[in-house]
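User: Hi! I'm new to reading protein models. Could you walk me through this one?
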Amino acid sequence: MLGVPEGLDEASPIFSIAAAAELAGLHAQTLRQYDRLGLVEPARTAGNTRRYSMRDVGRLKQVQLLSGEGVSLEGIRRILEMSDENRELRARVRQLESALADAVMQQAGRRVFAAGHAGITTLRAGARPAKPGQVVLWRPQRHL
(Lines give C-alpha, C1' and ligand atoms only; values in the text may rest on other atoms or scores of the structure.)
Protein backbone atom coordinates (compact mmCIF):
# COMPACT_ATOMS: atom_id res chain seq x y z
CA MET A 1 0.00 0.00 0.00
CA LEU A 2 1.31 3.44 -0.90
CA GLY A 3 1.78 6.00 1.84
CA VAL A 4 0.78 9.64 1.64
CA PRO A 5 3.64 11.71 0.21
CA GLU A 6 5.42 13.86 2.77
CA GLY A 7 3.82 17.27 3.25
CA LEU A 8 0.36 16.16 2.05
CA ASP A 9 -2.72 15.76 4.21
CA GLU A 10 -6.49 15.87 3.77
CA ALA A 11 -6.34 19.64 3.23
CA SER A 12 -3.75 19.46 0.43
CA PRO A 13 -5.29 20.78 -2.81
CA ILE A 14 -4.31 18.07 -5.30
CA PHE A 15 -7.40 17.19 -7.37
CA SER A 16 -8.50 18.87 -10.59
CA ILE A 17 -12.17 19.71 -10.93
CA ALA A 18 -12.72 16.61 -13.10
CA ALA A 19 -11.07 14.31 -10.52
CA ALA A 20 -12.94 15.90 -7.60
CA ALA A 21 -16.25 15.65 -9.48
CA GLU A 22 -15.62 11.96 -10.15
CA LEU A 23 -14.66 11.28 -6.53
CA ALA A 24 -17.77 13.09 -5.26
CA GLY A 25 -20.06 11.55 -7.87
CA LEU A 26 -21.07 14.96 -9.25
CA HIS A 27 -20.79 16.82 -12.54
CA ALA A 28 -17.95 19.37 -12.86
CA GLN A 29 -20.51 22.12 -13.58
CA THR A 30 -22.14 21.36 -10.22
CA LEU A 31 -18.79 21.91 -8.51
CA ARG A 32 -18.46 25.28 -10.25
CA GLN A 33 -21.93 26.25 -9.04
CA TYR A 34 -21.12 25.17 -5.47
CA ASP A 35 -17.95 27.26 -5.67
CA ARG A 36 -19.92 30.33 -6.84
CA LEU A 37 -22.38 29.85 -3.96
CA GLY A 38 -19.57 29.43 -1.42
CA LEU A 39 -20.56 25.89 -0.44
CA VAL A 40 -17.08 24.60 -1.29
CA GLU A 41 -14.12 26.90 -1.77
CA PRO A 42 -11.29 25.08 -3.53
CA ALA A 43 -7.76 26.42 -3.61
CA ARG A 44 -6.57 28.10 -6.79
CA THR A 45 -3.34 27.67 -8.71
CA ALA A 46 -1.32 30.62 -10.02
CA GLY A 47 -3.28 30.22 -13.28
CA ASN A 48 -6.59 30.40 -11.31
CA THR A 49 -7.39 26.70 -11.83
CA ARG A 50 -9.44 25.08 -9.08
CA ARG A 51 -7.69 22.45 -6.94
CA TYR A 52 -9.70 20.34 -4.52
CA SER A 53 -8.52 18.53 -1.38
CA MET A 54 -9.93 15.36 0.19
CA ARG A 55 -11.61 17.64 2.74
CA ASP A 56 -13.29 19.49 -0.16
CA VAL A 57 -14.43 16.18 -1.68
CA GLY A 58 -15.92 15.18 1.69
CA ARG A 59 -17.72 18.51 1.85
CA LEU A 60 -19.06 17.97 -1.68
CA LYS A 61 -20.44 14.61 -0.59
CA GLN A 62 -22.04 16.27 2.44
CA VAL A 63 -23.67 18.87 0.16
CA GLN A 64 -24.92 16.09 -2.11
CA LEU A 65 -26.38 14.19 0.87
CA LEU A 66 -28.18 17.25 2.27
CA SER A 67 -29.45 18.17 -1.18
CA GLY A 68 -30.78 14.63 -1.63
CA GLU A 69 -32.66 15.03 1.65
CA GLY A 70 -34.44 18.07 0.22
CA VAL A 71 -32.45 20.86 1.87
CA SER A 72 -32.14 23.97 -0.31
CA LEU A 73 -28.70 25.20 -1.33
CA GLU A 74 -29.10 28.25 0.94
CA GLY A 75 -30.05 25.92 3.79
CA ILE A 76 -27.01 23.76 3.05
CA ARG A 77 -24.79 26.85 3.06
CA ARG A 78 -26.12 27.82 6.50
CA ILE A 79 -25.76 24.28 7.86
CA LEU A 80 -22.16 24.07 6.66
CA GLU A 81 -21.39 27.53 8.05
CA MET A 82 -22.77 26.58 11.48
CA SER A 83 -20.96 23.23 11.37
CA ASP A 84 -17.65 24.98 10.61
CA GLU A 85 -18.24 27.51 13.39
CA ASN A 86 -19.13 24.71 15.82
CA ARG A 87 -15.92 22.81 14.93
CA GLU A 88 -13.83 25.97 15.44
CA LEU A 89 -15.50 26.74 18.77
CA ARG A 90 -14.96 23.18 20.02
CA ALA A 91 -11.28 23.41 19.11
CA ARG A 92 -11.03 26.75 20.93
CA VAL A 93 -12.72 25.28 24.03
CA ARG A 94 -10.20 22.40 24.02
CA GLN A 95 -7.34 24.93 23.80
CA LEU A 96 -8.75 26.98 26.66
CA GLU A 97 -9.35 23.89 28.82
CA SER A 98 -5.78 22.79 28.25
CA ALA A 99 -4.41 26.25 29.07
CA LEU A 100 -6.54 26.37 32.24
CA ALA A 101 -5.37 22.91 33.33
CA ASP A 102 -1.76 23.95 32.75
CA ALA A 103 -2.27 27.17 34.74
CA VAL A 104 -3.88 25.26 37.61
CA MET A 105 -1.03 22.75 37.64
CA GLN A 106 1.49 25.59 37.93
CA GLN A 107 -0.15 26.99 41.08
CA ALA A 108 1.73 26.26 44.29
CA GLY A 109 0.27 23.34 46.22
CA ARG A 110 -1.60 21.90 43.22
CA ARG A 111 0.88 19.29 42.03
CA VAL A 112 1.25 15.72 43.19
CA PHE A 113 4.39 13.67 42.60
CA ALA A 114 4.81 9.90 42.36
CA ALA A 115 7.92 7.74 42.25
CA GLY A 116 8.31 4.44 40.47
CA HIS A 117 10.77 2.43 38.39
CA ALA A 118 10.77 5.16 35.72
CA GLY A 119 11.61 7.92 38.21
CA ILE A 120 9.57 10.79 39.60
CA THR A 121 6.48 11.90 37.67
CA THR A 122 3.98 14.71 38.15
CA LEU A 123 0.30 13.84 38.59
CA ARG A 124 -2.76 16.02 38.52
CA ALA A 125 -4.37 16.63 41.89
CA GLY A 126 -6.79 13.81 42.65
CA ALA A 127 -5.15 11.44 40.14
CA ARG A 128 -3.78 8.03 41.03
CA PRO A 129 -0.40 6.73 39.85
CA ALA A 130 -0.79 5.05 36.45
CA LYS A 131 1.42 2.05 37.19
CA PRO A 132 1.23 -0.32 40.13
CA GLY A 133 4.19 0.04 42.43
CA GLN A 134 4.37 3.83 42.20
CA VAL A 135 4.27 5.63 45.52
CA VAL A 136 2.82 9.11 46.01
CA LEU A 137 5.54 11.27 47.54
CA TRP A 138 3.60 14.42 48.26
CA ARG A 139 -0.02 15.43 48.22
CA PRO A 140 -1.21 19.02 48.78
CA GLN A 141 -3.35 19.79 51.80
CA ARG A 142 -6.92 20.64 51.09
CA HIS A 143 -8.14 23.98 52.39
CA LEU A 144 -11.41 23.83 54.31
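User: Which classes do the residues lining the largest pocket fall into?
Analyst: The lining of the largest pocket divides into four nonpolar, five polar and six charged residues. Here Ala, Val, Leu, Ile, Met, Phe, Trp, Tyr, Cys and Pro count as nonpolar, Asp, Glu, Lys and Arg as charged, and the others, Gly among them, as polar. Keep in mind that this is a predicted model, where local features need pLDDT of at least 70, side-chain atom pairs count only at pLDDT 80 or more, and totals for chains, interfaces and linings use all residues. Residues are numbered from 1 along each chain as its sequence is written, and side-chain values use heavy atoms, leaving out hydrogens and water.

User: How much space lies in that largest pocket?
Analyst: About 260 Å³. A pocket is an open set of points on a 1 Å grid over the protein atoms alone, where a 1.4 Å probe fits, with protein on both sides within 12 Å along at least five of seven lines; lining residues have an atom within 4 Å of a point. The volume is the space filled by probe spheres set on the points, which are joined across faces, edges and corners.

User: Which residues are closest to its centre?
Analyst: Of the 15 lining residues, those are Leu39, Arg55, Asp56, Arg59 and Asp84.

User: And which helix gives the most to the lining?
Analyst: Helix 3 does, with five residues. Helices (H or I, at least four residues) and strands (E, at least two) are DSSP runs, numbered from the N terminus.

User: How do helix 3 and helix 4 cross?
Analyst: The axes of helix 3 (residues 54-68) and helix 4 (residues 73-106) come within 10 Å and cross at roughly 135 degrees. That makes helix 3 oblique to helix 4. Axes are lines fitted to C-alpha atoms, for helices over the stretch in contact, and angles run from 0 to 180 degrees between N-to-C directions. Under 35 degrees is roughly parallel, over 145 roughly antiparallel, 65 to 115 roughly perpendicular, and the rest oblique.

User: Which residues make the contact?
Analyst: Arg59, Gln62, Val63, Leu66 and Ser67 of helix 3 meet Ile76, Ile79, Leu80 and Asp84 of helix 4, where contact means heavy atoms within 4.5 Å. By class, they are five nonpolar, two polar and two charged.

User: What about helix 1 and helix 3, at what angle do they pack?
Analyst: Helix 1 (residues 17-24) packs with helix 3 at about 50 degrees, their axes 9 Å apart. Ala20, Leu23 and Ala24 in helix 1 meet Val57, Leu60, Lys61 and Gln64 in helix 3.

User: New topic: what is the phi of Asn48?
Analyst: Asn48 has a positive phi of about 70 degrees, although it is not a glycine. Most residues other than glycine have a negative phi. Asn48 is in the loop between strand 1 (43-44) and strand 2 (50-51).
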